Amino acid sequence: MFHKNIKLILAVLIIATGIWQFTESNIGNGIFLLLLSIIPVFLYFKNEFILLAFLKLRKQDFEGAKKWLDKIKNPEGALVQKQQGYFNYLHGIMLSQTNINQAEKFFKKAIELGLSMDMDLAVAKLNLAGIAMSRRRKLEATSLLNEAKKLDKQNMLKEQISMMKEQMKKI
C-alpha cells in the first residue's frame, strides 16, 4: 500500500519525463506520458482497494470486500479524508451484519470524516438510527431518521424509513 503522497510524486515524475520527451522531439512519447500521469492522480482521489471493495459488495461478497479493505494497513497515511470516510463506511456496513457495537463506531467516524454522496450519508444515518432504536434511544433514532429522509432525494430509502418509523411507535 502506497502512501497517498507517493502517488502524487509519481505523477509529477511522469509529467516531468513527458515534458523532457517533448524537448527531445519525441512528441508521441510525451503525449503518452502525460496521459499516463492521469492514473496516479486518479488513484490519489479514488483508492484502488476501496473501489475493489465496492465491487465486491455489489455482488454481496462481504468476505472479498473485507480482504480488499484489510490491504489498507494505515488508512490515515494512505487515504485522503473522504476515502477514510468510505473506508469506515464500508467497515460499518460489513460489521452491521454481525457486531452492531463496532458498526456504530465505524458509521459515526464515517459521518464525521464525510461522505461524498448524500445517498451514502443517508444509509449511514439510517443504520445509526436502527442501532439507536435497538438500544431504546428513541429521540436519537428519530432525529437520525429525519436527517436520512432529508438526504434521500431519490426516495430509495423511503420504504425502510417508514418501516423504522412504524417500529419506533412500538417502543
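Me: How much confidence does the chain carry, as a mean pLDDT?

Reply: Where pLDDT is low, predicted coordinates should not be read in detail. This model is predicted; its chain has a mean pLDDT of 90, with 99% of residues at 70 or more. Confidence is lowest in helix H11 (residues 158–169), where the mean is 84, and highest in H2, at 96.

Me: How many aromatic pairs are there?

Reply: Two numbers describe a pair of aromatic rings: the distance of the centres and the angle of the planes. The count here is five aromatic pairs. One of them, Phe-49 with Trp-68, is stacked, at 5.8 Å centre to centre and 25 degrees between the planes. That pair links distant parts of the chain, 19 residues apart: Phe-49 sits in helix H4 (residues 48–58) and Trp-68 in helix H5 (residues 62–70).

Me: Is Phe-49 buried or exposed?

Reply: Phe-49 is buried, since its relative accessible area is 14%, whereas Trp-68 at 25% counts as partly exposed.

Me: Which residues make the nonpolar surface patch?

Reply: Ile-27, Ile-31, Leu-35, Ile-38, Phe-42 and Leu-51 make a nonpolar patch of about 560 Å². Helix H2 gives the most to the patch, three residues. Leu-35 lies in H2 and is exposed, because its relative accessible area is 54% and exposed means over 50%.

Technical notes. Residues are numbered from 1 along each chain as its sequence is written. This is a predicted model: local features need pLDDT of at least 70, side-chain atom pairs count only at pLDDT 80 or more; totals for chains, interfaces and linings use all residues. Side-chain values use heavy atoms; hydrogens and water are left out. Patches are made of residues with over 30% relative accessible area and no salt bridge: like charges are joined within 9 Å, nonpolar side chains (Val, Leu, Ile, Met, Phe, Trp, Tyr) within 5 Å. Accessible areas come from the Shrake-Rupley method with a 1.4 Å probe; for residues, only the protein chains shown count as cover. A salt bridge is a side-chain nitrogen of Lys or Arg within 4 Å of a carboxyl oxygen of Asp or Glu. Helices (H or I, at least four residues) and strands (E, at least two) are DSSP runs, numbered from the N terminus. Buried means under 20% relative accessible area, exposed over 50%, partly exposed in between (1.4 Å probe, protein chains only). pLDDT is the predictor's confidence in each residue, from 0 to 100. Rings of Phe, Tyr and Trp (its six-membered ring) pair if their centres lie within 6.5 Å; planes under 30 degrees apart count as stacked, over 60 as edge-to-face and the rest as tilted.
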